[in-house]
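Me: I have a structure open and want to talk it through. Can we start with how far to trust it?
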Amino acid sequence: MKINQKIFLQFGICVIFFGLIGILINNLTINLTRTGLGFNFSWLFKPASFALAEHPLPYTSSDSYAWALFIGWLNSLKVIASSLILATFLGTLIGFTRAGKNSLLGLISAGYITIIRQTPLLLQLMFWYFVGFLGLKDNIFNISNQGIEFSGLIFSSEFLALLLGLSIFTSAYIAEVIRGGILSVPRGQWEAFRSLGLSERKGLISIILPQALPAIIPGLTSQYLNLAKNSTLAIAVGYSDIYAINDTIINQTGRAIECFIILLVSFLLLNLLITNTMEFINRLILKSRKYS
Amino acid sequence: MEPIVIAKNLTKSFTKGLRALDNVSLTVNQGKVLVVMGPSGSGKSTLIRTFNGLETFDKGELNVLGIKVDSTHDERKIQKIRRRVGMVFQQFNLFPHLSILENITLAPVQVQKRRQIEAEEYGMYLLSQMGVDSHAKKYPSQLSGGEQQRVAIARALALKPELLLFDEPTSALDPERIKEVLDAMRRLAEQGMTMIVVTHEIGFAKDVSDQVLFMDSGKVIETSPPNIFFSNAKNERSRKFLNQLDNHYSES
Amino acid sequence: MFKININSIIFIFKNLKKTFFSNLFNTIITLLIILFISAACFNTFAWLMFKANWKVVLSNLPLYAFGSFPPNEQWRPATWIITLLILSIFTLCGPEWKWLRKNLLKAWVGTIPLGIYLLYGGFGLSPIMSRHWGGLTLTILLTVCSSLLSLPFGILLALCRQSSLPLIQKLSSIYIDVMRAIPLIAVLFFGQLLIPLFLPLGIEIDRVWRAVFAFTLFVSAYIAEDIRGGLQSIPNTQVEAANSLGLNQYQVIQFILIPQALRIALPALTNQSIGLFQNTSLMAILGLVELLGVGRSILANPEFIGQYIEVYVWLACVYWIVCTIMAVLARHLEQRMTINKANF
């Protein structure tokens with residue numbers, strides 16, 4: 001009787017759920033036929049006819065929408081990967097000073113963390129872009145219209161503002177993850193390496209950090225995922241990432257539903273990429289600990 | 001005398017070969033106190049937990065307060081039993097987010113649909129019976145283990161149960177706190193409450209119980225009145241167990 | 001008394017010496033930091049007082065607070081915000097009157113219909129369209145409505161994910177995982193541009209409420225995971241104890257599991273609502289004129305063109321202050337909860 005009840009309940013919920021979805025999809029098809037767009041992906045292979053300021057692979061406006069989207073995905077990947085490295089570096093540094101002994105440095109990093117964490121990322125991005133890179137363009141950096149040149153590589157101000165904004169924002173969160181990880185190591189371990197005569201820095205790197213890593217990695221993974229999701233705010237500074245290009249295409253073609261699906265799939269792919277990489281790193285760490 | 005619990009050939013196996021309960025049969029009559037003893041892992045906790053449906057069994061029959069339960073574990077019947085049987089746990093298991101009084105009134109109000117005021121009055125009466133009425137407004141974490149366990153007994157009594165189950169009620173307590181809980185249980189027995197108690201407290205078993213049931217590896221080894229069990233146990237294994245207990249207590 | 005003070009001062013001084021000037025390297029670092037801090041402070045101060053042109057902020061204060069709400073009706077959102085502030089102060093100070101302490105939660109929930117009534121009008125107040133809502137008022141409205149809606153929805157999702165019914169468990173898992181994988185801006189985009197496509201002809205939902213709906217969809221997935229964490233950390237003995245008292249499945253969920261899970265998840269939940277408050281700024285890209293949107297529209301005004309730093313610093317201050325108030329309230333709430341801490 002109990003089992004029957006369960007099946008009945010599930011069945012009922014399913015009927016309601018799929019009924020609702022059915023009604024919504026019905027509305028959608030009515031609305032789509034009314035606008036005369038329908039639902040298909042054949043437009044993907046028509047020429048995009050918009051220019052992209054930034055493209056790691058060759059791209060012209062006569063290339064297809066699909067290629068434009070792929071370029072966007074690569075642009076996303078580029079900014080995510082570079083901010084990920086910068087943010088990890090910054091965050092680790094700040095996390096160490098926050099957990100370290102020097103209370104003056106600790107105070108500064110605490111101030112940094114509260115300012116960064118208590119203001120919206122979008123505001124910070126706009127600040128870096130409009131104030132940091134457009135405003136100071138002429139007087140300090142002497143930036144050309146193309147961007148900043150670094151040993152032959154040219155970075156646009158959009159990319160740099162996004163990189164800086166994302167890295168600084170994420171670093172404040174990573175710092176807290178690192179600090180939490182360091183604090184999770186029992187106090188006795190600190191006393192132990194000090195009593196062995198190891199220096200503070202050496203002990204931190206060779207004794208404390210390896211033990212803190214298992215607590216740090218999951219937090220780090222979720223911060224990296226957040227970073228990837230936050231990179232879509234690129235649209236606010238005009239950097240053509242996957243979201244910005246989808247947005248442009250929707251404005252041009254009106255294919256909102258299709259573009260939304262493409263966006264969903266691209267992000268699921270990105271997530272898979274990041275989680276799998278982190279899992280791989282995690283496994284490497286666990287393995288190295290086993291044999292050491 | 002009316003039987004409260006009748007168990008017939010209860011059998012439960014955890015994993016292949018290992019039996020938590022092996023053909024256990026017993027009867028507890030109204031107003032009687034049954035003490036269940038045995039080494040750890042002998043199945044005594046499993047046995048007592050089957051009586052209010054916290055554990056299922058594979059074979060056999062169980063009759064609690066006239067409600068028959070078999071291996072199909074009918075939820076409704078179990079629910080009926082639970083409303084008339086109280087249980088006290090080793091780890092007290094008070095609800096940490098509720099005050100002491102709320103811990104006690106929750107079930108009467110929600111299960112028996114009694115009025116809040118009425119339930120509170122009766123709850124305060126029970127707390128004063130247990131000697132912890134001054135803590136009514138506090139939260140469980142502010143009380144000592146012995147006080148928490150007495151609150152747990154009051155909580156079990158709040159539903160006016162016809163049978164009380166105790167699952168090692170003093171095992172998690174500091175030695176100096178054990179007495180206050182045992183005294184409370186003693187008073188309950190004097191008032192004629194039917195009780196099944198899993199415990200290692202020999203003194204309590206000697207003074208209060210009507211029957212002692214000894215279990216080992218899921219089997220009932222021996223059931224005797226306490227004076228016989230403790231002075232002249234019939235079975236070799238019970239004697240060995242008692243010896244070990246004696247040694248343990250003389251050491252500590 | 002006096003002696004003790006001197007002793008403690010000497011002690012602090014010695015400690016300072018030990019941490020900052022113990023060796024040459026530390027001394028240099030400390031001096032450098034102090035130099036850096038004073039330089040930064042001096043420059044900031046000089047800029048704030050002399051260089052910055054605060055006209056862009058001062059002459060637009062009503063705009064930041066209320067958006068384009070009609071000037072002679074601006075007392076309405078002002079009343080609402082002041083009510084919220086007073087309530088925050090009351091909550092923090094811990095009022096003496098017992099009835100207020102008891103009804104604090106109800107008062108907080110009550111601020112939402114009050115706010116909506118004051119903004120929409122009707123029943124004696126002149127009705128005002130939602131496109132005139134804006135500024136800090138709109139930011140707070142979005143935050144409060146979305147967090148309050150996403151809490152029950154999040155609890156429901158968490159319970160479904162823990163459910164023993166495989167189909168329901170799967171559906172809610174998929175929902176939660178997909179929602180957590182996609183960026184917020186995509187969900188908000190969905191709310192603004194795609195929801196109208198899913199509605200039958202003639203039915204329209206206001207833009208503000210579509211935003212609230214989208215935020216709710218997004219945040220409830222995160223809340224669900226926080227609550228699930230709470231649910232998982234409740235020991236099974238609690239359920240057993242409740243069961244042996246005769247409570248049925250629903251009563252166990254209602255009286256034992258949810259209250260305890262909420263308490264455990266409280267810090268995470270308050271973080272979610274602080275994050276939500278910051279994330280409402282994303283609506284500035286999607287066409288609502290909330291706090292950041294007001295900043296953008298002011299910067300687009302030829303009179304104030306190029307005054308980015310002043311506007312952004314000002315907005316950052318406002319966001320920072322509100323976030324800090326929320327964080328302090330949250331800390332206060334957590335402390336009051338830990339007085340009757342769980343004893344698992």
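Me: Where in chain C is confidence lowest, and where is it highest?
Reply: This is a predicted model. In chain C, helix 1 (residues 2-20) has the lowest confidence, with a mean pLDDT of 64. The highest is in helix 10 (residues 207-232) of chain C, at 94.

Me: OK, and what does chain C average?
Reply: The average pLDDT of chain C is 85, and 89% of its residues score at least 70.

Me: Where does pLDDT stay under 50 in chain C?
Reply: Over residues 340-344 of chain C. For that stretch the model has 13 contacts beyond four places in sequence.

Me: What are the scores for the model as a whole?
Reply: ipTM is 0.88 and pTM is 0.87.

Me: Switching topic. How many helices and strands are in chain C?
Reply: Chain C has 14 helices and 0 strands.

Me: How much of chain C is buried?
Reply: 33% of its 344 residues count as buried.

Me: And what about contacts along chain C?
Reply: Take the contacts in chain C between residues at least 6 apart in sequence: 75% of them join residues at least 24 apart.

Me: Now the other chain. How many residues of chain A are in contact with chain C?
Reply: 41 residues of chain A, and they meet 37 residues of chain C.

Me: Which elements of chain A give two or more residues to that side?
Reply: Helix 1 (2-35), helix 3 (103-117), helix 4 (121-135) and helix 10 (256-291) of chain A. Helix 1 of chain A gives the most, with 10 residues.

Me: What kinds of residues are on that side of chain A?
Reply: The side of chain A that touches chain C has 28 nonpolar, 10 polar and 3 charged residues.

Note on methods: Residues numbered from 1 in each chain as written. Chains lettered and ligands numbered in written order. Predicted model: local features only at pLDDT ≥ 70, side-chain atom pairs only at ≥ 80, totals over all residues. pLDDT = per-residue confidence, 0-100. Helix = DSSP H or I, 4+ residues; strand = E, 2+ residues; numbered from the N terminus. Contact = placed C-beta atoms within 7 Å. Nonpolar A, V, L, I, M, F, W, Y, C, P; charged D, E, K, R; others polar. Buried ≥ 20, exposed ≤ 12 C-beta atoms within 10 Å, placed from the backbone.
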